Amino acid sequence: MSTKPRCATRASGLALTLALAAVPAARADIVLVGPQHALKTPSEAAKVARDADVVEIEPGLYAGDAAIWTQNRLTIRGRGGRAHLRADGAQAEGKAIWVIKGSGTTIENVEFSGAKVPDRNGAGVRLEGPGLTVRNGYFHDNETGILAGGHLESDIVIEHSEFAHNGFGDGQSHNLYIGTVRSFTLRYSYSHHAIVGHNVKSRAIKNYIVYNRIADEQDGRASFAIDLPDGGLSFVMGNLIQQGPENDHRTIVAYGSEGYKNLLNELYFVSNTVVNDDPKGGRFVFIRPGADAVRLINNLFAGPGELFVGKGESRGNLRTAKSDFTDPDKLDYRPKARSGAIGKGIDAGSAYGFSLRPAAEYRHPLGMSARPASGPLDLGAHQHIQ
């Protein structure tokens, strides 16, 4: 049996506690990048930044510069304006302009363009570590905008960002492609004109695609506007979704197209405005057989084609004419006062703690505004303004 006094044990424990408290917190520095700073390019900063640093890049063009970021909890942002990373032949590891290997990365106010690599899947950003937040980003004219690999501890949030004209043209690259991650949130964003690939593709276990504008417009050649090929628990709410006449596939939204691969496969497709401008018709929503639950509620559909292919619950939806919208030629799909959509929304309740009453709506470009929390609800993605 030990003869060490109990008071000595208590004292040694107190000393250890005080010693640990005296250890300084991990430092977080601001790392400045730009022509007037010691670090001229983002790739130079990537070599010296440490965990939890904030890398601030002066606005302007950074051509032919690619980087690999290995730090954790890093924030990389344009300083007072967007920093433009134009590939001009540069690439990291044959993958992307930026390859993100660390965890919990935030990217703000950065533009990526021109990514091309030998395997034809060059991304503006290639995510390999867990966790990414992108705000006010612009990804255009790459082979893929963002390509996120599978990581079951990864939560990805993209907001107030634009994706345009990404894709090699072989249907294997997309504006936005999310692998098998824990959750994916896309909100207040604008994805359009994917080149033959999809405007949004996600294999996430949970998807929250809410309050976005996803469109081909008149000359886009995308395949699906939204593709959720593995199913998952998916909330698609409050989006303006438009398929143009030059599309590469006549299905607008697809769920489970490659088979269900998750323990829970439920789709809640609520309060969206979906417009088909393909005169040949097509399918608005395709559901592969085998989903656990599918609910289509309070949506507004316009244009030719089958509204719903597959099994599911459909309530409170309306097919309307484009003439009932404010200015459809300019993609202003707010309902007119005489529209049959006014005040016709039903109470959709909630699912897994997520309210199925839209709280916001997309405002172009890359903005949002609130929708009433109570009272009559209009069908579709927009509330009529009195």
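This report covers the fold, the sheet, the cores and the salt bridges of a predicted model.

## Basis

The model is predicted: local features need pLDDT of at least 70, side-chain atom pairs count only at pLDDT 80 or more, and totals for chains, interfaces and linings use all residues. Residues are numbered from 1 along each chain as its sequence is written, and side-chain values use heavy atoms, with hydrogens and water left out.

## Overall fold

The chain holds 2 helices and 39 strands. Both are DSSP runs numbered from the N terminus: helices are H or I with at least four residues, strands are E with at least two. The radius of gyration is 24 Å, close to the 21 Å that the globule rule gives for 386 residues, so the chain is as compact as a globular protein of that length. That radius is taken over C-alpha atoms, and the globule rule is 2.2 Å times the number of residues to the power 0.38. The C-alpha trace spans about 80 × 60 × 45 Å along its principal axes.

Of the 386 residues, 53% count as buried. Buried means under 20% relative accessible area, exposed means over 50%, and partly exposed lies in between (1.4 Å probe, protein chains only).

## The parallel sheet

An open sheet is formed by 10 strands. Their order is β4-β7-β10-β13-β16-β19-β22-β25-β28-β31, with parallel pairing. Two strands pair if DSSP finds at least two bridges between them. The edges are β4 (67–69) and β31 (306–309), each of which pairs on one side only. Neighbouring strands of the sheet are turned by 10 degrees against each other on average, direction ignored. The axes behind this angle are lines fitted to C-alpha atoms, for helices over the stretch in contact, and angles run from 0 to 180 degrees between N-to-C directions.

One pairing shows the detail. Strands β16 (residues 176–178) and β19 (residues 200–202) run parallel and are joined by 2 bridges. Ile178 stands opposite Ser202 in β19.

## Nonpolar cores

The largest nonpolar core has 59 residues. Such a core is a set of buried Ala, Val, Leu, Ile, Met, Phe, Trp, Tyr and Cys residues joined through side-chain atoms within 4.5 Å. Val55, Trp69, Trp98, Phe184 and Phe269 have the most contacts inside it. Beyond four places in sequence, Trp69 touches a set of residues including Val55, Leu74, Ile76, Trp98 and Ile100. Apart from this core lies another, of 13 residues, among them Val270, Ala348, Ala351 and Leu356. In soluble globular proteins, nonpolar side chains tend to be buried together.

## A buried threonine

Thr185 lies in strand β17 (residues 181–187). Thr185 is buried, at 12% relative accessible area. Its C-alpha atom is separated by 6.2 Å from that of Ile156, 29 residues apart along the chain. Leaving aside neighbours within four places, Thr185 is in contact with Ile156, Val157, Ile158 and Tyr208.

## Salt bridges

The model has 24 salt bridges. Each is a side-chain nitrogen of Lys or Arg within 4 Å of a carboxyl oxygen of Asp or Glu. Glu56 and Arg79 form one, with the closest N and O atoms 2.9 Å apart. Glu56 lies in strand β2 (residues 54–57) and Arg79 in the loop between β5 (75–78) and β6 (83–86), so the pair ties together parts 23 residues apart in sequence. Glu56 is buried at 11%, whereas Arg79 is partly exposed at 36%.

Asp278 pairs with Arg250 at 3.5 Å. Arg250 sits in the loop between β24 (240–243) and β25 (251–255), so this pair links parts 28 residues apart in sequence. Asp278 is buried at 4%, and Arg250 is partly exposed at 38%. Beyond four places in sequence, Asp278 also touches Gln243, Gly244, Pro245, Asn247 and Pro304. Asp277 meets Lys322 at 2.6 Å, N to O. Lys322 is in the loop between β33 (318–320) and β34 (325–327), so the parts tied together are 45 residues apart in sequence. Asp277 is buried at 15%, while Lys322 is partly exposed at 26%. Elsewhere, salt bridges that share partners join Lys201, Arg203, Asp230, Glu258 and Lys261 into one network.

Definitions and conventions:
Contact = heavy atoms within 4.5 Å.
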